Amino acid sequence: MTEELISRAARDILQAKKVVALTGAGMSVESNIAPFRGKGGIWEKYDPVEYAYIDVLIRNPGKTWILLSEMQKEILKAKPNPGHVSLAELERLGHLSSIITQNVDGLHHEAGNKNIIEFHGNHRDAYCMECSKRIKAEMISLESLPPRCECGGVIRPDVVFFGEAIPHQALTQSHQEARSCNVMLVIGTSAEVQPAASLPDIAKSHGAIIIEINIEATAFTGYTSSYFIKGKAGEILPQIVALVKSASANPAA
Ligand code: NAD
Ligand code: ZN
């Protein structure tokens with residue numbers, strides 16, 4: 001059953017003029033970065049209302065940085081997994097136009113993808129909330145929280161907190177990609193964080209096939225998704241891309 005769906009996904013990708021991927025935290029679980037929701041998720045330990053809203057960062061940055069420092073350590077240690085590597089291969093083969101990612105770990109860049117829309121920013125970049133000076137995450141000392149700039153201002157990662165707007169360019173570009181694709185791969189995302197969760201519906205209403213890959217069903221499954229491939233991104237994607245690659249090498253076969 002899963003094998004049939006994997007072949008179907010490869011066929012749909014090969015026939016499409018434009019393929020776009022939407023990725024979420026599940027994409028990086030096999031790189032040992034915890035997702036927010038579900039088993040082992042960050043929300044089991046930290047209530048988002050208490051830690052991840054922009055007003056908490058402003059009022060009590062030391063508290064928000066308890067969560068941020070954990071994420072930062074995980075992200076700086078992480079390496080792309082076979083799922084990331086497969087999406088980079090798909091782009092090189094000319095069968096992936098762009099990735100819209102909700103992830104802030106920079107692993108799609110590290111895997112080699114070129115056309116990436118970072119919907120929620122990137123945790124590897126940070127800046128001072130007073131003087132705007134930019135700093136790379138690996139240069140930030142986490143010895144005393146919150147980390148501070150030499151001007152005394154609090155440093156924050158360049159990510160979108162709850163209560164903040166999505167960067168305008170990321171929003172317009174991703175809507176454009178959703179409207180114009182023939183296939184959208186929806187990988188490891190819980191369908192619960194808006195406005196990213198509306199992108200598959202936009203794609204579908206413009207005629208795209210929605211292929212969902214996740215270890216468990218989501219609110220997309222059976223509704224927005226044209227079909228659902230149950231499994232780990234790092235196991236399903238390499239199989240799909242291997243089929244696309246062999247068909248691209250032997251077009252008559
Ligand atoms: P989420 O945490 O809400 O959901 C993760 C989804 O991934 C779930 O549906 C789960 O079933 C699925 N999943 C788990 N392991 C998987 C695997 N191996 N293969 C395929 N699917 C798997 O994630 P979200 O919907 O992306 O939204 C949460 C927000 O949290 C994001 O916007 C992002 O900004 C942020 N976040 C980012 C990271 C990161 O950068 N890696 C990590 C945690 C949270
Ligand atoms: Zn400063």
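A: Cysteine 151 has a relative accessible area of 44% and is therefore partly exposed, since that value lies between the cut-offs of 20% and 50%. The model in which this residue is seen is a predicted one. Cysteine 151 is one of the residues that hold the zinc ion (ligand 2): the SG atoms of Cys128, Cys131, Cys149 and Cys151 coordinate the ion at 2.3 to 2.4 Å. The angles that these four donor atoms subtend around the zinc ion (ligand 2) run from 100 to 119°. The arrangement is tetrahedral because these angles fall within the limits of 85 and 135 degrees that apply to four donors.

Along the sequence, the donor residues follow the spacing C-x2-C-x17-C-x1-C. Cysteine 128 and cysteine 151 are 23 residues apart, and the pair links distant parts of the chain. Cysteine 128 belongs to strand 4, which covers residues 121-128, whereas cysteine 151 is placed in the loop that runs between strand 5 (134-136) and strand 6 (155-159). The surroundings of the two residues can be described in terms of accessibility. Cysteine 128 has a relative accessibility of 1% and so counts as buried, while cysteine 151, at 44%, is partly exposed.

Serine 132 is situated in the loop between strand 4 and strand 5. The phi angle of serine 132 is near 70°, a positive value in a residue that is not glycine. Strand 5 contains isoleucine 135, which is partly exposed because its relative accessible area is 26%. Between the C-alpha atoms of isoleucine 135 and glycine 231 the separation is 37 Å, and these two residues are 96 positions apart along the chain.

The loop between strand 5 and strand 6, where cysteine 151 is found, also holds proline 146. The peptide bond that leads from leucine 145 to proline 146 is cis, with omega near 0°. Serine 144 is placed in this loop between strand 5 and strand 6 too. With a relative accessibility of 53%, serine 144 counts as exposed, because the value is over 50%. The C-alpha atom of serine 144 is 8.8 Å from that of glycine 62, although 82 residues separate the two along the chain.

Arginine 37 has a polar side-chain atom 2.7 Å from an oxygen atom of ligand 1. Glutamate 30 places a polar side-chain atom 2.9 Å from a nitrogen atom of ligand 1. A polar side-chain atom of threonine 189 is likewise 2.9 Å from ligand 1, and the ligand atom in this case is an oxygen. Ligand 1 exposes 850 Å² when taken alone, and the protein buries 95% of that area.

Some local features complete the picture. Asparagine 32 lies in the loop between strand 1 (19-23) and helix 2 (48-51). The phi angle of asparagine 32 is near 70°, a positive value although the residue is not glycine. Asparagine 32 is exposed, since its relative accessible area is 62%. Asparagine 81, by contrast, is buried, because its relative accessible area is 3%. Asparagine 81 occupies the loop between helix 4 (61-77) and helix 5 (82-92). A polar atom of the side chain of asparagine 81 lies 2.9 Å from the backbone oxygen of methionine 27. A further cis peptide bond runs from glutamine 194 to proline 195, with omega near 5°. Proline 195 is in the loop between strand 7 (183-187) and helix 8 (199-205).

Key
Residues numbered from 1 in each chain as written. Chains lettered and ligands numbered in written order. Predicted model: local features only at pLDDT ≥ 70, side-chain atom pairs only at ≥ 80, totals over all residues. Heavy atoms only, no water. Donors = N, O, S within 2.8 Å, 3.2 Å for Na, K, Ca; no water. Tetrahedral: all angles 85-135°; square planar, octahedral: opposite > 155°, others 65-115°. Helix = DSSP H or I, 4+ residues; strand = E, 2+ residues; numbered from the N terminus. Buried < 20%, exposed > 50% of the residue type's maximum accessible area, 1.4 Å probe, protein only. Polar contact = N/O pair within 3.5 Å; in protein donor to acceptor, adjacent residues only side chain to side chain. Areas by Shrake-Rupley, 256 points an atom, 1.4 Å probe, with all protein chains shown as cover.
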